[in-house]
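Hi,

Here is the structure I promised to pass on.

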Amino acid sequence: WRSSITQPPILAWGVWENYQANPNKEHLMFATERLAKYLQWDMRNRDQNGNGLMEWFIEENEDCRSGESGMDNSQRFDEALLLDAVDFSVFAALDMEYLAKMYTELGELANAEYWQKESKNLSAAIHDTLWNENAGFYLDRKMNGEFSPIQAVTGFLPLLLEDFPTERLPRLVDAYQDETRFNTVLPIPSVALNTPNYSTDMWRGATWINMNVLVAMGFEKQGRVDLAKDIRVKTLAAVKKYYEQTGVIYEFCDALDQRPPYACDRKGPREE
């Protein structure tokens, strides 16, 4: 049995981080061919319009329109449309870059050059196609060229890219500090506060620990160490608070901190 869906492509990133701690080239040699095939599969099967950007598979399940994205029930997918996805594309560009690093480490320079080029092309496409100047934010884009109206936490992920246009940083800082969008008691909500049907139901508004880690890394990469620290301090405070109360580390919390994590909905109201 094999899964019919993929997952966020972050395996090469993980392998490279492990290599930094345990520099075993045999491990890299084992991983590179498999990681390359993984990315090639995404390139063949998750780019229906051929523009180089990645699109998550859309399911018929109304409670889980895109399980492979990991953001199952986000408003991003309510229309059940294919989207050139900010997060998928950023993850893929980063993994291509890490794969290039591995091939360089192994002395396979032709492969390293190939994946470095693919990474740069995809990263450039993200900046050229998914940046919405009016919103001052990165947005998913429909196959007809229209931008999705949903501003999600994923719009901060291009901060992780090497070629992030620094002139856009103030706009993303503004988004983070905007109390009508992402400046919540516990940042960063998975979708902006002014999103239709905003709630504490998983990816429909709640704050997720994994996304906070990534956005904090992005702001730090672009020199806004203050914002990275703000995210980390507030996130860890929430984790500590609810761990001390319940003995549990929760993966998501109410961004407004009005409901404890165990009272937040999960694809519908909780059963009492």
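Below is what turned up, grouped by place.

A word on the ground rules before anything else. This is a predicted model, where local features need pLDDT of at least 70, side-chain atom pairs count only at pLDDT 80 or more, and totals for chains, interfaces and linings use all residues. Residues are numbered from 1 along each chain as its sequence is written, and side-chain values use heavy atoms, with hydrogens and water left out.

**Salt bridges**

How many salt bridges does the structure hold? There are 18 of them, counting a side-chain nitrogen of Lys or Arg within 4 Å of a carboxyl oxygen of Asp or Glu. As background, side chains of opposite charge can pair when their charged atoms come close.

Start with Asp140, in the loop between strand S3 (137-138) and strand S4 (141-142). Helices (H or I, at least four residues) and strands (E, at least two) are DSSP runs, numbered from the N terminus. The side chain of Asp140 meets that of Arg76 in a salt bridge, 2.7 Å from N to O. Asp140 lies in the loop between S3 and S4 and Arg76 in the loop between H2 and S1, so the pair ties together parts that are 64 residues apart in sequence. Asp140 and Arg76 are both buried; for Asp140 the relative accessible area is 3%. Here buried means under 20% relative accessible area, exposed over 50%, and partly exposed in between (1.4 Å probe, protein chains only). A network of salt bridges links Arg76 and Asp140 with Asp87.

What else does Asp140 touch? Leaving out residues up to four places away in sequence, its contacts include Leu83, Asp84, Ala85, Val86, Phe147 and Ser148, where contact means heavy atoms within 4.5 Å.

Next, the side chains of Lys267 and Asp72 form a salt bridge of 2.8 Å, N to O. This pair links distant parts of the chain, 195 residues apart: Lys267 is in the segment after strand S6 (252-253), and Asp72 is in the loop between H2 and strand S1 (83-84). Lys267 is partly exposed, at 31% relative accessible area, while Asp72 is buried, at 14%.

For a local pair, look at Glu244 and Lys240, whose side chains meet in a salt bridge of 2.8 Å, N to O. Both lie in helix H7 (residues 225-246), four residues apart, or about one turn of the helix. Are these two buried or exposed? Glu244 is exposed, and Lys240 is as well.

**Two helices packing**

Helix H2 (residues 25-45) packs with helix H4 (residues 109-129) at an angle of about 35 degrees, and their axes are 13 Å apart. Axes are lines fitted to C-alpha atoms, for helices over the stretch in contact, and angles run from 0 to 180 degrees between N-to-C directions. The H2 and H4 crossing is left-handed, as the term is used when the near helix is turned anticlockwise from the far one by less than a right angle (right-handed if clockwise).

Which residues meet there? From H2 come Ala36, Leu39, Gln40 and Met43, and from H4 come Tyr114, Trp115 and Glu118. By class, the contact has five nonpolar, one polar and one charged residues. In that scheme Ala, Val, Leu, Ile, Met, Phe, Trp, Tyr, Cys and Pro are nonpolar, Asp, Glu, Lys and Arg are charged, and the others, Gly among them, are polar.

H2 also holds Phe30, which is exposed with a relative accessible area of 52%. The C-alpha atoms of Phe30 and Asn183 are separated by 43 Å, and the two are 153 residues apart along the chain.

**A buried glutamate**

Glu68 lies in the loop between H2 and S1 and counts as buried, at 0% relative accessibility. Among the residues that Glu68 touches, beyond four places in sequence, are Ile5, Arg46, Trp56, Phe57 and Phe88.

**Backbone details**

Most residues other than glycine have a negative phi, and most peptide bonds are trans. Ala80, in the loop between H2 and S1, has a positive phi near 55 degrees and is partly exposed, at 32% relative accessibility. Asp257, in the segment after S6, also has a positive phi, of about 55 degrees, and is partly exposed, at 27%. Finally, Pro187 and Ile188 are joined by a cis peptide bond, with omega of about 0 degrees. Ile188 lies in the loop between helix H5 (169-177) and strand S5 (207-208).

Cheers
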